[in-house]
Amino acid sequence: MRVPVSAGRTRNPRGQGERLRTTLMDAARELLLELGDQDKLSVRGVTARAGVSPNALYLHFADKDELLTAVMIAGYTELREFLRAAVPDGVAPLEQLRAFSGAYVEFAARRPGMYRVLFMTKLREGVPMPAREPTPGVDEGVDTFNDLLGIVTACLPEGSDPFTQSAYIWAGLHGFVALNQVIPAFPWQSGRDYVGRMIQVHIETQVGQR
């Protein structure tokens, strides 16, 4: 339940309220990295990390779920904008897929903390998920997968299963970047080489079999 603001409360100076909202979201990201589970996050934990009283959170978010949604949407939006900027128009779908996949690896390397919050934190129940029949605009995270699905669909011949192939590619990309983060001393091949081989296995062989 949102805590009502007292009528006699002094209005924050311009910009101070937005700074507090950002501080709360940053505190939530830090705790998610430490806890690894959205269900373990608490309002008291977030506000203590932010250095404010628990009631301060309700000036910006209705509850913990709304805070978590804001944190995740902000991260997915950043990722999606990065990926979309990397994919050129007017080139073959396979080239778009290589660009998308390469950018995914690059984003994880540039923003490892953000990546772990988005894809290495256990999600709470009820979060929107991708579907075989995509509906745009439901959630930025879902739309990021839908962007991948659209490219993969354009790569494959009619009668294929682009949803499953997109899931394979996402899982392959995630495995590569996650293992790079936790075992950096392993002699990994370059991201470019990995992406090329993965696309060859999951996409180009599918095209060649038709």
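This is a predicted model: local features need pLDDT of at least 70, side-chain atom pairs count only at pLDDT 80 or more; totals for chains, interfaces and linings use all residues.
**Stop 1: helix 4 and helix 5**

Two packed helices are described by the angle between their axes and the distance between the axes. Start by selecting residues 64-86, which form helix 4, and residues 93-110, which form helix 5. Their axes come within 9 Å and cross at roughly 135 degrees. An angle over 145 degrees would count as roughly antiparallel and 65 to 115 as roughly perpendicular, so helix 4 is oblique to helix 5. The crossing of helix 4 and helix 5 is right-handed.

Now show the side chains where the two helices touch. On helix 4, select Glu-78, Leu-79, Phe-82, Leu-83 and Ala-86. On helix 5, the partners are Ala-99, Phe-100, Ala-103, Tyr-104, Glu-106, Phe-107 and Arg-110. Colour the contact of helix 4 with helix 5 by class: 9 residues are nonpolar, 3 are charged and none is polar.

**Stop 2: Thr-144**

Next, select Thr-144, which lies in helix 7, residues 140-155. Is Thr-144 buried or exposed? Its relative accessibility is 8%, and therefore Thr-144 counts as buried. Setting aside neighbours within four places in sequence, Thr-144 is in contact with Tyr-76, Leu-79, Arg-80, Leu-83 and Phe-100.

**Stop 3**

**Stop 4: helix 6 and helix 8**

Finish with helix 6, residues 112-119, and helix 8, residues 162-182. The axes of helix 6 and helix 8 come within 12 Å and cross at roughly 130 degrees, which means that helix 6 is oblique to helix 8. The crossing of helix 6 and helix 8 is left-handed.

To see the contact, select Pro-112, Tyr-115, Arg-116 and Phe-119 of helix 6, then Trp-170, His-174, Val-177 and Gln-181 of helix 8. The residues of the contact of helix 6 with helix 8 comprise 5 nonpolar, 2 polar and 1 charged.

Definitions and conventions
Residues are numbered from 1 along each chain as its sequence is written. Side-chain values use heavy atoms; hydrogens and water are left out. Axes are lines fitted to C-alpha atoms, for helices over the stretch in contact, and angles run from 0 to 180 degrees between N-to-C directions. Helices (H or I, at least four residues) and strands (E, at least two) are DSSP runs, numbered from the N terminus. Angles under 35 degrees count as roughly parallel, over 145 as roughly antiparallel, 65 to 115 as roughly perpendicular and the rest as oblique. A crossing is left-handed if the near helix is turned anticlockwise from the far one by less than a right angle, and right-handed if clockwise. Contact means heavy atoms within 4.5 Å. Ala, Val, Leu, Ile, Met, Phe, Trp, Tyr, Cys and Pro count as nonpolar, Asp, Glu, Lys and Arg as charged, and the others, Gly among them, as polar. Buried means under 20% relative accessible area, exposed over 50%, partly exposed in between (1.4 Å probe, protein chains only).
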